Each structure stands twice: as C-alpha cells, then as structure tokens.
Amino acid sequence: MDAAAAQVDVPSYFLCPISMEIMRDPVTLSSGITYDRESIERWVFTDGHGECPMTKQQLGAADREPTPNHTLRRLIQGWCAVHAVERFPTPRAPVDAARVAAIVDAARRGHDLLAASLKELADIVAESDCNRRCVEAAPGAVAFLVSVLKKHAAEDAPKPLLGSQSQEDQMYGAVQGSPKASSPEDAALSILHSLRLSEESWKRVLERGDSFLDTMASVLRRPSHLSRTYGIQLLKAAVSEMPPAQLTSASAELVEGVVSVVTDKLSAKAVKIALHVLCRLCLWGRNRVKAVEAGAVAALVELLLNECCGGSKQACELAIVVLDHLCGCAEGRLELVAHPAGLAVVARAVTRLSAAGTESAVRALHAVARHSATPAVLQEMLAVGVVGRLLFLVQAGAAGDRPRERAREMLKMHARVWRGSPCFSPHLNASYPS
C-alpha cells in the first residue's frame with residue numbers, strides 16, 4: 001500500500017484477503033470471496049492449494065478460474081481518484097484460446113511470420129499466469145512449440161567448451177531472466193520453459209515417441225549456457241513423467257549432455273537439476289554405463305571435492321546417490337577406485353550427510369569392498385579413512401540399521417587385511433567387530 005493510501009481509511013472490502021493490499025484486478029472465486037488476481041492465482045496455481053483461502057471450500061477443476069469483478073474494480077478506481085491515491089489502470093483482458101490458435105496458424109504459414117508469432121506468444125505468456133495456462137491449454141500450441149524445437153534436432157550442434165559462454169549469455173546472464181532469442185528454436189525453448197507444463201501436457205508430448213529426448217540431447221549440446229539451462233529444466237520435468245521403458249532407452253548423447261551440465265558447472269541450480277535427472281536415468285544398468293563413459297564419476301568426485309558449488313548439502317547428497325547408482329556396475333566401480341580422490345570423497349560423505357546420504361555412501365563403499373577389493377584398493381580404503389568411518393558407524397549407529405550392518409559386513413569381510421596392516425591405528429582394535 002502506498003503512502004497516500006496509508007493516510008486514509010481504505011474500505012476493508014477493497015483489500016485482498018491474502019496480500020492485504022488494495023486490489024488492482026479483483027476476481028471472485030466460486031466460494032464467493034473476492035481476491036486480487038495475482039494473489040489468488042499464486043495461491044491456487046503456483047503454490048498448488050486446492051481450496052479457497054478464506055472459506056477452505058475445496059475448488060474443483062472448473063472452479064479454479066476466477067471471475068473478474070468489474071463492479072468492484074470500478075469502485076476501487078473511483079475511490080482512488082477521489083482520494084488522490086495511486087490510479088490503477090484497467091487490466092487487459094486475458095487472452096483466449098481462439099487468439100492463441102490464430103497466432104499458431106499464422107506461424108505455420110511461413111518462416112517470415114514465425115519470429116513475429118513466437119515473440120507475440122512469448123509476450124502473452126509473460127503477461128500473466130492466466131495467459132500462460134491459456135496457451136498451454138490451446139489445442140496444438142504446445143505441439144507447435146515442440147515441433148519448432150525439434151526442427152533442427154538432427155543437426156550436430158557444437159559441443160560446448162568448458163567455461164565458455166556465448167555473447168548472449170554474457171549479456172543476459174546464465175540463468176536469470178529471459179533471453180532475446182537469437183533463433184526460432186531458442187524462442188520456442190524459452191516459451192516452453194515459461195509455460196511450466198502440467199503432467200497432462202507432458203504426457204501428450206511424450207506420447208509422440210522418443211524424439212523429444214533426442215531433441216533435448218541436441219539442446220544440451222548448444223553453445224548457449226542459457227539454452228542448456230532451460231533444456232535441463234525441461235528434461236527434468238519430462239523424465240519425471242516417463243515410463244521406465246522410455247528411460248532405459250536413453251541415448252548416449254542425452255546422458256552425455258546431462259553429464260556435461262555437471263562438468264561445466266553452468267550454475268548451482270542447473271547442476272542440482274542435472275543431478276536429479278541422473279538419479280532418475282541411472283536406475284538402470286545400461287544408462288549407468290553410458291554415464292560412466294561420459295565421465296560422470298570424475299565430474300561427481302570433483303563436485304564433492306569442491307563442496308558441490310558452494311556447499312549445497314542437497315547437491316552433495318544427490319551426487320552421492322548418483323555415485324551409488326554408478327557403483328552398481330563394474331565400469332563405475334573401476335572409475336571410482338581409479339580416481340585419486342574417489343574413495344576419499346565417498347568416505348567423507350559417510351559422516352557429513354543425512355541418514356539417506358550416509359546410506360548411499362555406505363552402499364557405494366560396500367559395492368567396492370565386495371566386488372572390486374584388490375589389495376591396493378583395500379590399502380587405500382584404510383589410508384583415506386574408510387575403515388575409521390565404518391567403525392564409527394558400527395559404534396554410533398546414527399544412520400540406521402542398514403548402513404551399520406553393511407559397515408559391519410565390510411569390516412568382517414576384510415578384517416585380515418585391515419587389522420594386520422601397519423597403517424591400522426592400535427586404538428581402533430577395541431572397537432573392531434569380531
């Protein structure tokens with residue numbers, strides 16, 4: 001509320017019950033309560049609440065679109081004029097499906113109209129959440145944007161270089177804000193990212209086959225950091241709706257593109273999203289091998305060494321979960337023990353993460369101790385502190401029963417090598433399980 005409004009008594013029915021500010025665009029729900037459009041749309045659509053904030057009445061799918069209260073808006077505008085309070089302009093009417101369909105039809109007629117149509121769609125989506133939902137629901141709009149994005153998917157985009165940024169990213173930033181798209185594909189990608197597609201929309205996109213994954217693989221190879229950031233966010237939303245049959249057939253190029261986001265450290269947010277995608281993809285053996293071949297183990301170890309881009313505990317836990325998955329294949333275990341800091345970072349995670357993170361770290365160490373326990377590996381595990389942390393878990397048991405049992409099993413499995421080593425501290429003998 002501005003200073004002028006603060007000096008006069010504002011009628012209570014002019015105030016939004018959520019923001020307690022004068023309503024600029026009053027709208028009424030089916031419950032009969034009036035709110036400011038921005039506040040109630042954030043409550044219902046962004047925050048995901050399914051009830052009226054005041055009455056707690058449940059809102060059905062047809063009841064979530066509010067009705068403009070033109071009478072109250074005119075009263076507010078007249079009151080503001082009389083009391084010299086900030087004048088609120090009449091809000092533009094939300095776009096309708098017919099207008100969106102007309103824009104899409106115009107874009108399909110020829111390349112000359114494509115750029116202008118995409119710009120108009122981008123402006124509509126950016127104007128309000130109501131417009132965003134309208135564009136998403138308009139028949140053929142999402143399919144059209146995906147088709148524009150797929151148009152050059154078969155072309156080999158140059159692989160981004162580590163630490164490189166395009167001129168576009170340097171001007172507009174690597175994550176924040178929307179870019180001035182340099183091509184129709186960039187514009188379509190930006191609009192799809194802004195739409196925040198629902199589960200139903202994603203299912204319709206993915207029903208068209210695996211070509212969308214190939215498109216995302218192409219996007220993740222683009223030189224623009226911003227395009228790759230948008231691409232990894234779209235991919236995260238897509239893989240959460242994909243059945244296992246589609247995920248198991250992910251291409252090596254797609255997995256390589258996801259790993260490159262971690263390797264290149266586009267941003268802390270992009271890295272965390274890429275780790276979520278790897279957690280989903282690496283549940284299956286073939287994808288694990290593809291990730292290892294793309295350099296995922298080294299990228300994850302480096303990430304953990306650097307405290308995950310500034311100390312994000314959640315990113316560290318995600319990285320350990322992915323390493324746990326990768327240690328489920330021989331190639332992953334070989335890469336981990338071959339890295340000079342591989343076993344050390346996993347050992348450090350045992351006592352620094354949550355119970356779930358500790359369980360993943362212990363499971364990864366257990367896979368190494370069970371399937372890749374050469375004499376050199378066992379001596380390294382002792383030297384970098386794996387044994388000491390396993391003994392701590394057995395004694396403390398803070399992470400739960402399963403990690404403690406796996407730790408005890410590893411200690412018993414290699415007791416002859418570890419207890420007989422000159423590197424084994426004598427004071428640990430008393431706590432060593434018999």
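Modeller: Ser354 sits in the loop between α21 (342-350) and α22. Helices (H or I, at least four residues) and strands (E, at least two) are DSSP runs, numbered from the N terminus. This is a predicted model, in which local features need pLDDT of at least 70 and side-chain atom pairs count only at pLDDT 80 or more, while totals for chains, interfaces and linings use all residues. Residues are numbered from 1 along each chain as its sequence is written, and side-chain values use heavy atoms, with hydrogens and water left out.

With a relative accessible area of 26%, Ser354 is partly exposed; buried means under 20%, exposed over 50%, and partly exposed in between (1.4 Å probe, protein chains only). Once neighbours within four places in sequence are set aside, Ser354 is in contact (heavy atoms within 4.5 Å) with Lys313 and Glu317. Glu317 is 37 residues away from Ser354 in sequence, and the C-alpha atoms of the two are 7.9 Å apart.

From α20 the contact takes Arg333, Leu336 and Val337, and from α22 it takes Ala367, Val368 and His371. By class, these residues of the contact of α20 with α22 are four nonpolar, one polar and one charged. Nonpolar covers Ala, Val, Leu, Ile, Met, Phe, Trp, Tyr, Cys and Pro, charged covers Asp, Glu, Lys and Arg, and the others, Gly among them, are polar.

Another serine gives a contrast in setting. Ser201 belongs to helix α10 (residues 199-206), and at 4% relative accessibility Ser201 counts as buried. Its side chain makes a polar contact of 2.7 Å with the side chain of Glu136. A polar contact is a pair of N or O atoms within 3.5 Å; within protein, one must be able to donate a hydrogen and the other to accept it, and residues adjacent in sequence count only if both atoms are side-chain atoms. In the loop between α9 (184-195) and α10 lies Arg196, a residue other than glycine with a positive phi near 50°. Arg196 is partly exposed at 47% relative accessible area.

Lys56, also not a glycine, has a positive phi of about 65° and lies in the loop between α2 (37-46) and β3 (67-68). His70 is in helix α3 (residues 70-82), and a polar contact of 3.2 Å joins its side chain to that of Arg73.

For the chain as a whole, there are 26 helices and three strands, and 50% of the 434 residues count as buried. The mean pLDDT (the predictor's confidence in each residue, from 0 to 100) is 85, and 86% of residues reach 70 or more. Over residues 156-181 the pLDDT is below 50, and this stretch has 54 contacts in the model beyond near neighbours in sequence.
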